[in-house]
Amino acid sequence: MRKLCVVRPSLFLILILALAACSPAEGEPTAELIIPTAIVAVQEDVQQEQPPATPTADLPAPPTLLPTPVPSAEPAAQETATAVPTPTPHYRVAFVASDDTLNVRSGPGINNGVVGELAPNVDGVQITGEGQMVAGSTWTPITAGSLSGWVNGRFLTGSLESETFCQDEAVLDLLVDLETAVTNQDSSLLAQLIHPERGLRIHHAWWNPEVRLTYDEVSEIFTSTAVYDWGIEDGSGSPIVGPFSQEILPLLQEDLLLADDTACDEILHGGTAGIVRLPDGYDAVHYYAFFRPGTDEFAGMNWGSWVVGIEQWQGTYYVSYLVHYQWEI
């Protein structure tokens, strides 16, 4: 009997057979390793494929976004901290002659005792309360330094600097109204320009006595036939007696309305041998001067001037006085 031999393949042979079975068939393409394109390159391509942008000049501009206002952290009280306080108005003594004084009394009216005196033109007087009407005059409680009491309010006037007065448009408006009243002989308008209690003081010449017209008198002064004593003529000493329309109006028409020049707080005048000054006590009130120069026919000596006193009383301007000047010899 023939003996069969069984040959066991070796491990090496098994590996060779396995590799042969996995090898590609003849004619099949060999697989290649594909490396992907970089991500950046893909992004650039996408941008190139987009259509060209539309010019922005043809499109409305996008709305501007404003930031929401942030409330100030400062307290509201800070706004008032820098406010300038309104100065307390003060007054000065007026219309008191240089050799006289203003009595300060313990109460309103002359029936009360005198507690002190104020010299002419004293400044810095404070009004401390409401006045009281006594016998046609308002008596006012005041303090002046350590002195307190009551005075007749007609002898006080508002105190302010000359520069402030001369630059105030309200003063110029008042002067225009005065010229209008004289031009039209409008008594009602003239009365509106004066204080209803303090009245209007007039001097035919600075050295002649004062004529004080009440509000009621002024309200009909251009047509009134009331006769006043205006003083005396310079040189001759003849009395000047007559109604306002006869003795004062012609001078206003000639020397106020026909004035060539004006000045604030300065008396304008022509040549004269006399003294040119304000009546005693009047310099506490600011004024404007109106000057009409003289003519060659009279060597310039027939000039004329008016000084219009304007006082401020409790915040309002009033025509206070009228003083006339002319060649005095």
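**Stop one: a serine in a loop**

Select serine 224 and alanine 226: a polar atom of the serine 224 side chain sits 3.1 Å from the backbone nitrogen of alanine 226. Bear in mind as you go that this is a predicted model. To get your bearings, serine 224 belongs to the loop between α7 (215-218) and β11 (228-232).

Is serine 224 buried or exposed? Its relative accessible area is 15%, and the cut-off for buried is under 20%, so serine 224 counts as buried. Now show what touches it: apart from neighbours within four places in sequence, serine 224 contacts Pro243 and Ser245.

**Stop two: helix α9**

Next, select residues 249-256, which make up α9. Colour its buried residues: Leu249, Leu251, Leu252, Asp255 and Leu256. Turn the view to look down the helix axis, and you'll see these buried residues within an arc of 160°, so they line one face of α9.

**Stop three: the strands**

Stay with β15, where nine of the ten residues are buried. On one side, β15 pairs with β14: they run antiparallel, joined by six bridges. Pick out tyrosine 288, which stands opposite valine 308 of β15.

Then move to β16, which is also antiparallel to β15, with ten bridges between them. Here serine 305 has tyrosine 325 in β16 as its bridge partner. Finish at the β15–β16 hairpin, with two residues between the strands; glutamine 314 has a positive phi near 50° there.

Definitions and conventions: Residues are numbered from 1 along each chain as its sequence is written. This is a predicted model: local features need pLDDT of at least 70, side-chain atom pairs count only at pLDDT 80 or more; totals for chains, interfaces and linings use all residues. Side-chain values use heavy atoms; hydrogens and water are left out. Buried means under 20% relative accessible area, exposed over 50%, partly exposed in between (1.4 Å probe, protein chains only). Helices (H or I, at least four residues) and strands (E, at least two) are DSSP runs, numbered from the N terminus. The arc is that of the directions from the helix axis to the C-beta atoms. A polar contact is a pair of N or O atoms within 3.5 Å; within protein, one must be able to donate a hydrogen and the other to accept it, and residues adjacent in sequence count only if both atoms are side-chain atoms. Contact means heavy atoms within 4.5 Å. Two strands pair if DSSP finds at least two bridges between them.
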